[in-house]
Amino acid sequence: MTDQMHHIALASRPTGAPTAENFSYEAAPMPVPGDDEVLIKVHYISLDPYMRGRMDDAKSYAAPVPIGGTMEAGGVGEVIASNSPAFKPGDFAFGMLGWATHAVQPAKMLRKLDPSQGPITAALGVLGMPGFTGWHGLTEYGRPKAGETLVVAAATGPVGSMVGQVAKSMGLHTVGIAGGADKCKLATDTFGFDACLDHRAYDTASDLRDALADECPDGIDIYFENVGGKVLEAVLPLMNNHGRIPICGMIAWYNAGGLGAGASEQGLTGPAIWRTILVKFLSVNGFIISNHWDRYPTFLGEVGPKVAAGEIAFLEDIAEGLENAPEAFMGLLQGKNVGKQIVKIA
């Protein structure tokens, strides 16, 4: 076994969109597991929009990555050394392994995977945090009912595609919003949305709203919020009374810094948003999925068999090589990925 590992550290905090200079590819001594710890050779890591917030030194629900610290990420890999009875060399596990070729984690922070049950990458997407986020947000806060209309942006991503497929299976009219005609075709042909609009085809929120109104003739009952920006501005006036808005992200604003705290949108003033919530009796629920892992076994029991049976579709966009993770991440923030963005390490 080599005596070195490699990782990508946060070299500097971005101003606006991240650049290659914000990351540093570094070598380090191979970590050694302590009592009840496990050493893992990382095979794949997940790239997710929340990581942009970790790059800012801003107060949030989780601590920022320190300058010089390894960029954080969920990952899957093979156990190569273990001081825990729960794992043995050759086992596969999921954990917060970071942008790295190897990682040491306490055994209690890892989840054992069975490669015979399907690709281990599923633990990073459709059966991992993103898929769980979509399922939990929709079922817990969206409170879907047959016959209602749901709208979700980033519809072909791992969260949005889960939301759309679960809603469709429950008898809702599903409308996706995505970036580009190709992604819209994926939304309808692969993920089963009733319709999908290309937000890039509309110069203004008003134009997008008019197109949405045509696809949602009975208004919008549930808007699953991944994006913010122009899409939110387009959707809000179309919400029905007693509509629900689960909020799990706002990627359109992340590069403004502070998880979007510095962003502004022409038609999204505080009074306009607040008045809409008031007069339409909307339920708006922000949530962070890490607070809800007690529901994960229920999600896995319900959705896992559907994925295995091909009833839930998923796509993975796999970049090759740890050194290419920054480029893949910057592309993710620009919507260049198609499906769940993953990096193959080994």
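Trainee: Why is W99 called buried?
Mentor: Its relative accessibility is 0%, and buried means under 20% relative accessible area (over 50% is exposed, in between is partly exposed; 1.4 Å probe, protein chains only). So W99 counts as buried. Keep in mind that this is a predicted model, where local features need pLDDT of at least 70, side-chain atom pairs count only at pLDDT 80 or more, and totals for chains, interfaces and linings use all residues. Residues are numbered from 1 along each chain as its sequence is written, and side-chain values use heavy atoms, with hydrogens and water left out.

Trainee: What makes F23 and W99 a stacked pair?
Mentor: Rings of Phe, Tyr and Trp (its six-membered ring) pair if their centres lie within 6.5 Å; planes under 30 degrees apart are stacked, over 60 edge-to-face, and the rest tilted. Here the centres are 5.6 Å apart and the planes sit at 15°, so the pair is stacked.

Trainee: How do you know that this pair ties together parts that are 76 residues apart in sequence?
Mentor: F23 lies in strand β2 (residues 23–29) and W99 in the loop between β5 (92–96) and β6 (102–106), so that's the separation bridged. Strands (E, at least two residues) and helices (H or I, at least four) are DSSP runs, numbered from the N terminus.

Trainee: Then why are F132 and F299 called tilted?
Mentor: Their centres are 5.4 Å apart and their planes are at 40°, so the pair is tilted.

Trainee: What makes D214 exposed?
Mentor: D214 has 64% relative accessibility, so it counts as exposed.
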